[in-house]
Amino acid sequence: MGRKIIRSEYHLYDEKIDTLAEVPESELTELPNNKDLKIIGKGIPRIDGRDKVTGKAIYTFDKTFKNIAYGKTLRSPHPFANVVKVNTSNAEKLEGVIKIIHADNTEDIGWYRGNSKLFDKVARYEGDEVAFVVAETEVIAEKALSLIRVEYKELDFVINPVDAAEPTAPKIHDSGNLPPKHGHRTYSRGDFENGIENSDLVFEQEYSTEVAIHNPTEPHCSVVNWEGEELTVWDSTQAVFGVRDTIASSLKISESNVRVIKEYMGGGFGAKLEAGKYSVMAALVSKEIERPVKVVLDRREMNLAVGNRPDSYQKIKVGAKSDGTLMALGLTNYGSMGAYSAGAGAHWPLRTLYKCENVKTSEFNVYTNAGRARPFRAPGHVQGTFALESILDDVAERLKMNPLEFRIKNFTPIDQDSKLPYTSKLLLEAYEEGAKKIGWNKRKTAGSDKGFIKTGYGLASQIWWGGGSPPAYATVKINSEGNVQVLCGTQDLGTGTYTIIAQVAAEVLEIPIEKIDVLIGDTQATPYAPSSGGSTTAPSITPAVYDGALQIKAKLISAASAMLKLTEEKLVYANGVIHEKGNNSNSLKASEIVKKMKENILVAKGARNENTSNYALNTFGVQFAMVEVNTLTGKVTVKKVVAAHDIGRTLNRQTLENQFHGGIIMGLGYTLIEERVMDDYTGKTLNTNLLDYKMATMLDTPEIDVIIVSETDELISAVGAKGIGEPAIIPTPGAITNAIYNAIGVRINSLPITPDKVLMALNKEV
Amino acid sequence: MSKGKKSTGLSRRQFISRAGTGAVGSVVLLQNCVSGNENEKTGEEQIKFKLTGTNSLSLTVNGKKISTKVNENTTLVELLRDNLNLTGTKVACNNGECGSCSVLLDGEVIYSCHMLALDAEGKSVTTIEGLMDGEKLHPVQEAFIEEDGLQCGFCTPGQVIAAVSLLQKNPSPTKTEVMDGMAGNICRCGAYPKIIDSVLKASKKIKT
Amino acid sequence: MKEFKYIQPKNINEAISVMSRGSLPFAGGTDILSLMKENLIDHKNLVNLKNIQGLSKIEKTNSGIRIGALTKLAQIAKSELLKSEYRILSEAANSVATPQIRNVGTIGGNIAQRPRCWYFRGDFNCLKKGGDYCYAEVGENKYHAIIGGDPCYIVHPSDVAVALLALDATLTLESKDGNKDVKISDFFVGPEADVTIENILKSGEIITHINIPRLPNNSRSAFHKFSERGVWDFAIVSIGAVIEKKNRKVKSGKLTFGGVAPIPWIDEELNRNLIGLPLTENSILKFSKEVMKNAETLEYNEYKIKLSQGLVIELLTKFI
């Protein structure tokens with residue numbers, strides 16, 4: 001079980017991430033299919049369930065210390081303004097205020113990749129940080145905020161990306177609103193114009209989607225404490241190592257002096273993939289006052305300042321032959337990055353999902369005076385798939401083809417950029433099983449239902465990454481009681497990471513899951529694992545746990561061989577006990593073996609395997625939606641969603657189902673009710689609470705069926721699991737939108753499809 | 001008493017303390033500050049944080065009589081979390097718009113972030129911490145574990161409390177009645193289908 | 001919330017005496033707490049009404065029903081008496097927010113609540129707050145008024161008020177000057193009369209009872225609230241209906257509307273046209289085209305006309 005170090009390259013969008021990683025030298029024994037396994041694949045209850053249902057789980061939100069102080073942030077009320085003067089004298093006089101920091105009394109710390117600072121003297125969106133107060137209580141800190149006098153010079157602002165891309169728009173950064181390099185990105189393959197020329201049908205349409213806010217239930221929060229030069233940060237984060245590195249470089253200290261801990265967290269969805277300014281601000285003050293500092297964002301800040309899914313203004317042009325073959329796909333898109341640099345594109349599904357030789361895309365990632373975007377559960381893919389699947393649905397109908405047949409017609413078995421085959425693409429199987437389950441043949445001609453309540457069916461497919469990669473490590477330990485602990489520097493956002501780690505260890509070591517403890521999310525105690533984003537966690541860490549557990553098993557067998565004075569071929573490992581073949585009474589329990597080791601513990605470090613370079617690593621799936629549209633009121637009710645996906649191995653049926661439910665329900669909310677609303681005339685956000693920012697409730701829940709068509713994906717890793725968090729949400733908006741069309745016979749091309757849009761669309765036809 | 005599927009009820013904390021796996025550093029020990037979370041008992045000890053309340057308040061919390069001091073603008077959830085260190089009840093919106101702070105007040109489910117602590121005078125509050133019977137889980141808690149009615153868990157205490165209240169009033173709810181009763185609790189992770197399953201399972205457990 | 005004094009009177013006279021010196025009445029608090037947390041109202045002194053006895057009963061009287069203003073919405077929603085005889089009120093109360101809010105919110109508080117307009121509730125010095133103009137008039141106004149607006153376009157958020165308007169309820173108000181009964185149609189104040197308030201309550205005056213007259217014998221009533229989400233949301237448009245049927249026609253009826261105007265809305269001409277309306281699909285459809293025909297919509301709320309008409313069709317169809 002040798003090791004080597006490789007250069008690990010993996011792709012996320014156009015980014016190529018290049019690091020050194022330790023990987024096993026040779027391939028590990030593949031896990032059998034789930035039906036032959038004892039615990040992997042089964043829907044066992046999550047191991048952190050008890051802590052959560054009893055209220056005993058301590059989240060960063062709950063973390064506190066006896067002498068803790070509380071921090072609150074003063075934020076610009078204006079969309080675009082120079083911060084001329086910050087006067088804290090009244091605030092400082094308030095009893096209980098300990099320290100206030102802002103641009104004038106704080107060293108410059110670079111932020112947003114050097115394009116701004118911790119406290120910038122230009123506030124570029126409503127919510128941009130201007131000062132930070134630390135006080136004895138949260139209430140006092142809040143009061144102090146209202147006593148800080150700031151002189152702003154308001155500037156002309158712009159909040160729509162199409163407007164902001166105009167050369168005459170107010171310049172949000174000195175370089176303009178389209179940054180060099182990624183302000184305008186293009187892609188092309190084949191010959192788009194030629195493809196259009198040779199098409200029998202050419203169709204063009206515009207689509208738009210609004211900004212959506214992650215709004216995880218636990219707000220962003222940090223608790224920081226110094227011990228001498230060493231800083232510990234408890235953070236509600238999806239990226240303990242990323243946060244550590246950012247905080248260390250911001251404070252100009254070594255990473256080894258910063259420890260980031262995340263035990264339980266209340267959701268993230270991508271909003272918690274980076275360090276917050278508030279954590280650095282808290283650390284600066286904490287060092288000076290020599291007390292721990294806690295900072296918790298309120299719901300308004302959650303809606304303004306910690307990320308969003310960008311909007312999109314897409315124009316798609318499709319050329320197709322009359323038999324449905326796609327000849328050309330073209331996209332122009334404008335997306336708001338917000339006030340600082342972020343990804344705002346949507347072209348990947350159009351580029352990769354269906355077979356098409358001639359593709360041309362032009363995307364504008366534009367600065368706007370609004371909160372900066374952050375990755376949000378399948379960034380770009382949700383907006384892009386909605387528009388792509390809407391237009392293909394439209395084209396299919398114009399060609400008088402069944403939308404499902406149209407998708408099947410344009411199936412591609414290879415990745416069209418690299419020309420590599422996929423490790424697995426069971427999309428056709430997913431189409432078949434999903435269509436059967438929803439009853440696709442019940443679908444009628446669009447708008448043909450009689451009566452006021454009309455039923456419709458729609459579908460959309462998805463492609464995503466989700467193969468994971470090294471570096472990812474897991475330390476597996478077994479002690480003299482035969483108890484096992486697995487340590488892995490990963491994160492569980494509610495995704496079930498704790499449980500799948502325990503399941504893999506339990507399966508290999510054949511011991512009850514109750515004997516396995518899992519520790520994650522601690523940059524000092526647990527070995528490196530990637531940030532939990534991009535649906536990379538399960539596929540990256542489970543092979544590392546697998547490797548570590550196999551090593552422990554091998555060590556136990558080797559030790560038993562020494563103790564029993566038998567060669568390893570004469571030994572059998574079963575249920576945590578090693579016995580002589582054919583002589584069960586000559587045996588040793590794992591605990592007995594470890595007791596015999598001087599240090600009373602056996603340790604192994606597992607590592608994720610190298611990725612294959614001969615295949616493209618992707619996940620695929622399709623969702624079918626059945627909706628009812630009330631044409632009197634415009635209300636859309638999603639009655640049923642069938643999701644059929646190829647995601648490699650199911651690790652835990654119950655938590656997997658839950659993830660799919662969650663993605664679909666979030667997708668439903670995005671399609672029908674969620675949107676950030678800003679006032680055009682003042683540049684301010686109008687819905688910063690959970691009443692006005694509408695998320696799906698219990699009463700919006702449809703019936704959901706989840707079908708997994710894959711058994712495993714051995715080309716990814718010996719465990720063969722791929723990530724599911726993002727596949728779960730990508731097809732939902734497209735499926736629901738197409739179902740709405742099928743119900744009422746009128747296309748609505750902008751999300752969210754709120755009742756007013758349905759009513760206006762229906763009455764426009766009349 | 002239900003003879004349902006055995007839940008993996010082992011608390012992770014208990015396991016670490018019993019396992020002795022030699023994972024040094026996995027329990028954080030800090031010199032200059034003492035964790036405020038260690039004392040999880042209610043009513044026996046009031047951890048004095050910095051709330052210098054000026055109004056006396058007497059109420060019962062999880063069966064124990066409490067006498068404390070609060071300010072007029074102290075909300076019930078602040079009393080529970082900050083004065084009494086009952087951090088099981090969460091605050092996600094602080095405006096009665098999400099349900100994470102749900103507790104029972106004289107048996108009725110309410111938003112504790114949206115109520116003055118003084119309005120709980122003389123009343124009886126049950127929080128998530130008050131549902132267990134010693135170390136034994138409440139049937140609703142068991143059901144949520146078995147049916148996986150949770151993901152990140154932050155809204156879970158509120159969901160469990162709302163379910164307890166629903167089943168107290170309607171021990172045999174239909175699926176629609178479950179949905180109506182749980183409607184005041186948002187779950188951003190989207191665990192609603194399994195929350196419904198959990199409540200239906202809990203109702204079966206309670207009846208047997 | 002800022003600091004405040006919390007006064008706890010033991011009876012109504014004490015309460016009124018304190019309130020007339022400028023304290024805010026505080027019942028369930030579900031609306032006031034939000035206003036306090038956002039610093040939208042001066043809340044130096046709060047008067048707790050919840051200990052006042054005798055104001056939370058639902059009682060049959062000689063003339064109909066009397067409900068104490070401190071009765072919780074949950075109690076109203078589950079009252080068997082109301083479900084059978086005044087279904088519209090039961091349904092309206094049951095449609096408010098969520099179970100948790102209904103366990104705390106009172107009917108009096110629901111009637112007296114302030115608007116939800118996001119400019120009013122947000123960081124905008126709008127007309128209603130003493131500023132210079134209405135931000136919604138030319139702004140994000142999809143939820144705003146389509147009738148009776150100008151100069152302010154809020155919609156009154158109370159579902160219960162829409163039901164009470166259809167029921168011809170009167171409110172008993174009490175102040176240091178004694179008590180008086182006010183028709184609910186006279187209780188609300190439109191923006192053209194005074195843009196800064198929504199009802200006639202003076203400082204030191206509270207609602208003590210809601211009085212509902214008995215309905216004619218063959219009456220049925222219903223309430224229908226339309227919202228974007230399944231729960232929590234305030235009405236986009238809501239309809240209340242009290243219909244007296246005879247021979248498959250409407251003998252007399254009242255339709256009232258929420259979510260369309262700054263006050264709960266009643267269209268007398270429309271209700272006159274109800275008289276004699278045959279309860280058939282076709283005539284209901286034809287009738288619905290009269291609904292909101294005098295609306296003056298804003299840039300984004302034209303759909304509310306169609307929505308109102310659609311809801312009337314749905315509701316009247318239930319009476320067929």
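Predicted model: local features only at pLDDT ≥ 70, side-chain atom pairs only at ≥ 80, totals over all residues.
Residues are numbered from 1 along each chain as its sequence is written, chains are lettered from A and ligands numbered from 1 in the order in which they are written, and side-chain values use heavy atoms, with hydrogens and water left out.

**Chain B: fold**

- Chain B has six helices and five strands. Helices (H or I, at least four residues) and strands (E, at least two) are DSSP runs, numbered from the N terminus.
- The order of elements in chain B, from the N terminus on, is α-β-β-α-β-β-β-α-α-α-α.
- Chain B holds 208 residues, and 64% of them count as buried. Buried means under 20% relative accessible area, exposed over 50%, and partly exposed in between (1.4 Å probe, protein chains only).
- Take the contacts in chain B between residues at least 6 apart in sequence: 58% join residues at least 24 apart. Contact means heavy atoms within 4.5 Å.

**Interface of chain B and chain A**

- The contact involves 73 residues of chain B and 90 residues of chain A.
- The size of an interface is often given as the accessible area lost when the parts come together.
- Chain B and chain A bury about 7000 Å² between them, with 56% of it on carbon and sulfur atoms. Buried area is the accessible area (1.4 Å probe) that two parts lose on being put together, summed over both.
- Six salt bridges cross this interface of chain B and chain A. A salt bridge is a side-chain nitrogen of Lys or Arg within 4 Å of a carboxyl oxygen of Asp or Glu.
- Asp62(A) and Arg81(B) pair in a salt bridge, at 2.8 Å from N to O.
- Between chain B and chain A, 22 residue pairs are in polar contact (both at pLDDT 80 or more). A polar contact is a pair of N or O atoms within 3.5 Å; within protein, one must be able to donate a hydrogen and the other to accept it, and residues adjacent in sequence count only if both atoms are side-chain atoms.
- On the side of chain B that touches chain A, two or more residues come from each of α1 (12–19), α3 (139–146), α4 (156–169), α5 (175–181) and α6 (192–207) of chain B. The largest share, six residues, is from α1(B).
- That side of chain B divides into 36 nonpolar, 21 polar and 16 charged residues. Ala, Val, Leu, Ile, Met, Phe, Trp, Tyr, Cys and Pro count as nonpolar, Asp, Glu, Lys and Arg as charged, and the others, Gly among them, as polar.

**Interface of chain B and chain C**

- Chain B gives 27 residues to the contact and chain C gives 24 residues.
- Chain B and chain C bury about 2000 Å² between them, 59% of it on carbon and sulfur atoms. Asn73(B), His114(B) and Leu116(B) supply 29% of the area that chain B buries against chain C, more than any other three residues.
- One salt bridge crosses the interface of chain B and chain C. Asp119(B) and Lys50(C) meet in a salt bridge through their side chains (2.8 Å, N to O).
- The interface of chain B and chain C has 15 residue pairs in polar contact (both at pLDDT 80 or more).
- β4 (108–111) and α5 of chain B each give at least two residues to the side that touches chain C. β4(B) provides the largest share, four residues.
- The residues on this side of chain B are eleven nonpolar, eleven polar and five charged.

**Salt bridges within chains**

- Over all chains, the structure has 74 salt bridges.
- Glu22(A) and Arg3(A) form a salt bridge (3.2 Å, N to O). Glu22(A) lies in strand β2 (residues 15–24) and Arg3(A) in strand β1 (residues 3–12) of chain A, 19 residues apart.
- Glu205(C) bridges to Lys180(C), with the closest N and O atoms 3.8 Å apart. Glu205(C) is buried at 7% relative accessibility, whereas Lys180(C) is partly exposed at 40%.

**Helix α8(C)**

- Eight of the eight residues of α8 (residues 159–166) of chain C are buried.
- A side-chain oxygen of Ser158(C) comes within 3.4 Å of the backbone nitrogen of Val160(C) at the start of α8(C).
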